[in-house]
Amino acid sequence: MSKVYVHPLPVRIWHWANVILFIGLVVTGVQVRYLDLVDLMPFQTAVMLHNWVGFALIANFFVWLLFYLFSERNQAYHPELNIVKLANASFEQAKYYGWGMFRGEHNPHRIDPYHKFNPLQRTLYQILMLFLLPMQFATGLLMWDIKRFSAVIEMVGGLRVVSTVHVLIFIFFVFYLFFHPYLATLGHTPTAHIRAMVTGFEDVEDEPAAPAAS
Ligand code: HEM
């Protein structure tokens, strides 16, 4: 095994701050939306906390965005434009997660600093960071001040559309909060990927030695 530096400091700071803020948003969001079912704090407190934590999450997102905009490590997020290649690699990876992993096969993806994500992770993180999170920020911002943004809200179909999109993405993120940490335990030890998100260094299996020429 050798150590490869895959998560630079700004990404690690962003990630763990993101986790804490996310949990805060889920708890306060549940209180705001399901007032009749939960009673963790007064409604007004939940609304105020949800707004502040939401703004902190948006600010934190810019740590991630600015880092990748100005770092060549953004190659980890470059899309694979060859659809056949992407489909084959994704299928191989899914086969490994669903079958090979339980039979002790090797992970088909080899990590390097510029390609730290396997094809499934890369697609998921692209959708998450470049579509779902910005969409959640935008809908949240519109509902934060419905008077000020009334023209935009009308333009996109009304408050019901905006709040439905916000809640649907919220439900996706609640599921994500379970399956993402589970997938994070599938390294060569259950804590290997999580430790890597703390130290920056991922353990990578050494390439098998090439057979000696005769
Ligand atoms: C307890 C909760 C969490 C744990 C244990 C966890 C763990 C990890 C680990 C180990 C990685 C490294 C790469 C990988 O294995 O996929 C990672 C990456 C990532 N996580 Fe999480 N995570 C958590 C919550 C979240 C949440 C709530 C989000 C919401 C957006 C998130 C978004 C991401 C993204 C986008 C990456 C890729 C970051 C990059 O390198 O650019 N994670 N996470």
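This is a predicted model: local features need pLDDT of at least 70, side-chain atom pairs count only at pLDDT 80 or more; totals for chains, interfaces and linings use all residues.
Residue numbers start from 1 along each chain as its sequence is written. Helices and strands are DSSP runs (helices: H or I, at least four residues; strands: E, at least two), numbered from the N terminus.

**Annotated regions**

- An unreviewed UniProt entry places the feature "domain: Cytochrome b561 bacterial/Ni-hydrogenase" at residues 6-200; UniProt positions follow the numbering used here, feature names are shortened, and annotations may be inferred rather than shown by experiment.
- Residues 6-200 are 69% helix and 0% strand, with end C-alpha atoms 6 Å apart.
- The unreviewed UniProt entry also lists "transmembrane region" at residues 13-35, 47-70, 124-146 and 158-179.
- Among these, residues 13-35 are 91% helix and 0% strand, and their end C-alpha atoms lie 33 Å apart.
- Residues 47-70 are 96% helix and 0% strand, with 35 Å between the end C-alpha atoms.

**Helix packing**

- Two packed helices are described by the angle between their axes and the distance between the axes.
- The axes of H1 and H2 come within 8 Å and cross at roughly 155°; axes are lines fitted to C-alpha atoms, for helices over the stretch in contact, and angles run from 0 to 180 degrees between N-to-C directions.
- H1 and H2 are therefore roughly antiparallel to each other (an angle over 145 degrees).
- Their crossing is left-handed, meaning that the near helix is turned anticlockwise from the far one by less than a right angle.
- The contact of H1 with H2 has 18 nonpolar, eight polar and no charged residues; Ala, Val, Leu, Ile, Met, Phe, Trp, Tyr, Cys and Pro count as nonpolar, Asp, Glu, Lys and Arg as charged, and the others, Gly among them, as polar.
- For H2 (residues 43-69) and H4 (residues 119-144), the axes come within 11 Å and cross at roughly 145°.
- This contact includes Asn 51, Gly 54 and Trp 64 of H2 and Met 129, Gly 140 and Trp 144 of H4; residues are in contact if their C-beta atoms, placed from the backbone, lie within 7 Å.

**Ligand shell**

- Of the 17 residues around the ligand, Phe 22, Pro 181, Ala 184, His 193 and Met 197 come nearest; a residue is near if its C-beta atom, placed from the backbone, lies within 6 Å.
- H1 (9-33), H4, H6 (159-184) and H7 (192-199) each supply at least two shell residues, and H1 provides the largest share, five residues.
- The shell divides into 11 nonpolar, six polar and no charged residues.

Notes: Two residues are in contact if their C-beta atoms, placed from the backbone, lie within 7 Å. Angles under 35 degrees count as roughly parallel, over 145 as roughly antiparallel, 65 to 115 as roughly perpendicular and the rest as oblique.
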